[in-house]
Amino acid sequence: MARSTQAGRTGVGMWPWLAWAVLLMGADQITKSLILNHYQLGDSTFITSFFNIVRAHNTGAAFSFLSDAGGWQRWLFTGIGVAATIFIVWQLRAHPGQKLFSFALSSILGGAVGNVVDRLMHGYVVDFLDFYWGSSHFPAFNVADMGITLGAILLILDEVLRAKRAKNQR
């Protein structure tokens, strides 16, 4: 009862946040499909002096963590993604009126689901955005990773703002 009262009071339910997550996941899957259809593994296209489009496969997590672990990590990271999805949907249902918090969580949700879909379909995550400086390359990433990163940054910002408000109310 309290959840529906909170959503009614703010005028915002969790559906806009889920819609953003689906939109982000859709953009992620479309861009990955384009890469899979037009590039072979290792292919790249020069765009600027600091950016290429590439096709890379990541069987690990962020920065290829555990990428050479032998295959079990696929299921570990899929399980983590599923658990994160359940937790985030629960939080979105409980706090739909907290706009920054909910936008952050839904960005993480869209990215996490996008990468879980890759793991289930291919056994790896498709990465294609390659930024570099000279010969130093940042690990390739994708739209899902951008959503996860944006969400993490916004969660930190939300907490900083919440702590500042709490301090000002004392």
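Me: Let's begin with one residue. Is Phe-51 buried or exposed?

Reply: Good place to start! Keep in mind that this is a predicted model. Buried means under 20% relative accessible area. Phe-51 has 13%, so Phe-51 is buried.

Me: And which class does Phe-131 fall into?

Reply: Phe-131 has a relative accessibility of 32%, so this residue counts as partly exposed.

Me: How do I describe two aromatic rings that pair?

Reply: In general, you give the distance of the centres and the angle of the planes. Here the count comes to six aromatic pairs. Take Phe-51 and Phe-131: their ring centres are 4.6 Å apart and their planes stand at 35°, so this pair is tilted. The two residues come from distant parts of the chain, with Phe-51 in strand β2 and Phe-131 in strand β3, 80 residues apart.

Me: What about the rings of Phe-131 and Phe-141?

Reply: Planes under 30 degrees apart count as stacked. For Phe-131 and Phe-141 the planes are at 15° and the centres 5.8 Å apart, so that pair is stacked. Phe-141 sits in the loop between β4 and α5, ten residues from Phe-131. At 15% relative accessibility, Phe-141 is buried.

Me: Which residues form the aromatic cluster?

Reply: One cluster is made of Phe-50, Phe-51, Phe-131, Phe-138 and Phe-141.

Me: Now the sheet. In what order do the strands lie?

Reply: A handy general idea first: in a regular strand, side chains alternate between the two faces of the sheet. In this model, four strands make an open sheet, ordered β1-β2-β3-β4, with antiparallel pairing. β1 (44–48) and β4 (136–137) are at the edges with a single partner strand each, so one side of each has no neighbour in the sheet.

Me: How many bridges join β2 and β3?

Reply: Six bridges, in the antiparallel sense, between β2 (residues 51–58) and β3 (residues 125–133). As one example, Ala-56 has Asp-127 in β3 as its bridge partner.

Me: What lies across β2 and β3?

Reply: Helix α2 (residues 15–38) does, running at about 85° to β3. β3 itself is mostly covered, with seven of its nine residues buried.

Terms used. Residues are numbered from 1 along each chain as its sequence is written. This is a predicted model: local features need pLDDT of at least 70, side-chain atom pairs count only at pLDDT 80 or more; totals for chains, interfaces and linings use all residues. Side-chain values use heavy atoms; hydrogens and water are left out. Two strands pair if DSSP finds at least two bridges between them. Contact means heavy atoms within 4.5 Å. Axes are lines fitted to C-alpha atoms, for helices over the stretch in contact, and angles run from 0 to 180 degrees between N-to-C directions. Buried means under 20% relative accessible area, exposed over 50%, partly exposed in between (1.4 Å probe, protein chains only). Rings of Phe, Tyr and Trp (its six-membered ring) pair if their centres lie within 6.5 Å; planes under 30 degrees apart count as stacked, over 60 as edge-to-face and the rest as tilted.
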